[in-house]
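Morning, everyone. Let me put the structure up, and then I'll walk you through a few places in it.

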Amino acid sequence: MSTYILKRFLQLIPVFLGATLLVYFLVFSLPGDPIVALFGDKPVNEAVAAKLRAQYHLDQPFWMQYLLYLKSIFTFDLGQDFSGRPIAAVLGEVFPVTARLAIMALIFEAVFGIVFGLIAGLRKGKFFDATVLVASLIVIGIPIFVLGFLLQFTIGVQLGWAKPTVSSAATVQDLILPAIVLGLGSFAYVLRLTRTSVIENMNADYVRTATAKGLSRFQVVRVHILRNSLIPVITFLGADLGALMGGAIVTEGIFNVPGVGNRLYRAVLSGEGPTVVSIVTVLVLIYCLSNLLVDLLYGWLDPRIRYDS
Amino acid sequence: MSTSVDFQEAEYATERPLLEIKDLAIGFTTSNGEVNAVRNARLTVMPGETVAIVGESGSGKSTTALAAIGLLPGNGRVAAGQILFDGEDISNASEKRMIELRGNSIGMVPQDPMSNLNPVWKIGDQVRETLKANGLPSGPDDVAKVLSQAGLPDAGSRAKQYPHEFSGGMRQRALIAIGLACQPRLLIADEPTSALDVTVQRQILDHLDKMTTELGTAVLLITHDLGLAAERADQVVVMYRGQVVESGPSLELLQNPQHPYTQRLVASAPSLASRRIQAAKELGVETDDMLAPSETGVVEPAKSDDVLQIQNLRKVFKLRSGLGKSTDFTAVDDVSFSVKRGTTTAIVGESGSGKSTVAQMVLNLLTPTSGKIIFDGVDTSTLNSKEIFAFRRRVQPIFQDPYGSLDPMYNIFRTIEEPLRTHKIGDKASREKKVRELLDQVALPQSTMQRYPNELSGGQRQRVAIARALALDPEVIICDEAVSALDVLVQAQVLNLLAELQSRLGLTYLFITHDLAVVRQIADHVCVMEKGKLVETGSTDDVFESPQQDYTRALLNAIPGAGLMLPPEVEVA
């Protein structure tokens, strides 16, 4: 097992280098001069512009800029963004907010998706099952920005059950509504995945054998149907954590959440190469690590899967 | 306890039946309305007695047994009749009552050891929950005790393993342990060994016999093998198309079957047929008419050369074991034999013996690691791609699974015509004529041409597979477990068809099988394989009459029905 984990960590190195290089190149290729854009409508002061270019290494060729950036990473000094704040501090500010949001969304979709999916699967073809299936189709069909505005307006503004926007502190209460919006799409998938998986397992021979042992229906469902059905669901949830972290741009925009998505969006618009690359790199690493976690979980849930032999 | 019980006991005078099924009808709701899978079923199991239900697939034998433990599939229900367990009608009992009965009063050993254990729980956990659910002590020692009673060696540490770390036989022992863990009064054993190798089958059944005798458990044994039923059960109940057609004491029923279906079953069960041949030999009775018709030696005596010679054949597979390492696994080890033209040679062995690997190498689907396969005087390894194409025309396979080996998207005409088209034989009209002839040869109506595999039964599909193999007029046909998936009566028909085709067309068969009973009926020569090695070879008579090796003897003894005293011939109406 430890060799397997070590191997997976070593694989992170090329992924890290490749991701940073690619993102750096994309930002470098953006049209327009970010320094000129900083002056806004005011006339450009050439001396100041040249000084700024030198400060952000924008006067260097692409390879030099990239290598200087790598050096800054390994010396734990990520430099400053265009407003003069250390990038490391910016990351430390936005990532906890988005992590909180993503984990809340994940808990929401896992708990409700699995519970609803299990009940629907056990009552296949009945009223509850049909209703939930149609509802999940509707949720999958409506784009997230429509759902977001809809819930913000009805629940947040009209009914006043939750805050329509998020304060700069981004507390757990603030994030409830955005987390539900963020998790809704995946909730529908988790529900359907659980349902299909439960139906498949319900007819498995070992479930019949378990019933023949004299177990109660509840025990059969909990021990034999639920755990076996969760294997594909957990895989999906793990992979989804990475997607939720990076994919919160729209939701964060609607609810004005001071998180990764918002900051990344602004950095892309203003062409702040180092900020964009830093944020994206952390996202890539989170994605890789959550996938590794899924693979380890998978082996734990299904003993037939072993990574050593 | 109550007066009604006293009255019943008085009525039966002796003992009350443990299980009594009276006029049972079971219906299934399908999209085409209600289908009756079982009608008017009746049977009685006395305490401590073993009763076998025999029948082919779809006869309703499993459905009847599952109804007795309240495990009918969701769309099935008891439509009429009674299931009396110890005097109590449980045919419409509440789920709560059934949960009370399951495990400690009625246990079950299911059919397929591969799919009946939950793969994500340790064996011990799966035994423990059985004990716990029925209120018995369930500590590690209790679990180990239950497992070791079922014949699992080293039970304490085995309990900590997962099902995939167990062999098929060990899994079945674990399932028997689970079924008998709470010492139920009735055990329902649904084809408990049909997924296992014959020698393992015998050990497991012997052990099950011993355990149920010690515990005084009554057994309801479901099987498709009449020989096995007669050997293991006191009473046999024969089911056919949802109805009980005959029942009675095993030997009586076997020696004097009344119903035409039972008579056919007795006549064609391979295990019984091979026993009869054995018995007849010992009495010195002429047995030719008991064997499937085979007179090729007479028809074409001029061509009795070795059409196939296998010399020192070896196949080594590389198994991955960790990072970039691999270990060698020798599947076939130094195997040599030859096959005479127009005869049937059987390769017998249990799973993992390498018999199918030999077949695949002879078919040129796998390349041997070393050794030679000489077909009609030519070493097949020297053939170029064009010559291999021609070789394929002369050597054709029939595989085990008639469901998997026919393309579901091809109709039967296209399936049989395909080899002709591939080898560019004839034009459209002549090919169609050929397909019609082939269907005639395998006794299928020509209207079958427009149908699809899913519209045919297993036996019909296997006939299609035979027709396809015959399409190119091959000289050698490799039958890899070609009849193992078929019900006994269908199996007998297909074996007869193969024998008839052999005598008519002078075909040579290489017959790969695990079933010695079938070998006894059709083969001229036998090669016995064990763990990749050829352990014994000779004419079928020699091998069956005086086996030289312990392994061959073990295989022969494992044919069900060994202890039965059968008359050499059974009158068949």
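Predicted model: local features only at pLDDT ≥ 70, side-chain atom pairs only at ≥ 80, totals over all residues.

Helix pair. Look at chain A, at helix α5, residues 87-122, and helix α10, residues 217-246. Their axes come within 10 Å. They cross at roughly 150 degrees. Anything over 145 counts as roughly antiparallel, so α5(A) and α10(A) are roughly antiparallel to each other. The crossing of these two helices is right-handed.

Who touches whom? On the α5(A) side, the contact residues include Thr98(A), Ala99(A), Ala102(A), Ala105(A) and Leu106(A). Further names from α5(A) include Ala110(A), Ile114(A), Leu118(A) and Leu122(A). Across from them, α10(A) brings residues including Val221(A), Leu226(A), Val233(A) and Leu237(A). Asp240(A), Leu241(A), Leu244(A) and Met245(A) also belong to the α10(A) side. By class, the contact of α5(A) with α10(A) has 15 nonpolar residues, 1 polar and 1 charged.

Next, His57(A). Where does His57(A) sit? In the loop between α3 (46-55) and α4 (62-74) of chain A. Set aside its neighbours within four places in sequence, and His57(A) is in contact with Gln65(A) and Leu68(A). Then there is Tyr69(A), 12 residues from His57(A) in sequence. In space, C-alpha to C-alpha, His57(A) and Tyr69(A) are 9.2 Å apart.

Now the contact between the chains. Chain A puts in 22 residues and chain B puts in 24. On the chain B side, which helix gives the most? Helix α4 of chain B, residues 123-133, with 3 residues. The chain B side that touches chain A splits into 11 nonpolar, 10 polar and 3 charged residues.

Last, two glutamates in chain B. Glu191(B) is not a glycine, yet its phi is positive, about 45 degrees. You'll find Glu191(B) in the loop between β7 (186-190) and α8 (198-215) of chain B. Glu191(B) has 19 other C-beta atoms within 10 Å, so it is partly exposed.

Then Glu481(B). Here too phi is positive, about 50 degrees, and Glu481(B) is not a glycine. Its loop runs between β17 (476-480) and α19 (488-505) of chain B. Glu481(B) is partly exposed, with 19 other C-beta atoms within 10 Å.

That's my tour.

Methods:
Residues numbered from 1 in each chain as written. Chains lettered and ligands numbered in written order. Axes fitted to C-alpha atoms, helices over the stretch in contact; angles between N-to-C directions. Helix = DSSP H or I, 4+ residues; strand = E, 2+ residues; numbered from the N terminus. Parallel < 35°, antiparallel > 145°, perpendicular 65-115°, else oblique. Left-handed = near helix turned anticlockwise from the far one by under 90°. Contact = placed C-beta atoms within 7 Å. Nonpolar A, V, L, I, M, F, W, Y, C, P; charged D, E, K, R; others polar. Buried ≥ 20, exposed ≤ 12 C-beta atoms within 10 Å, placed from the backbone.
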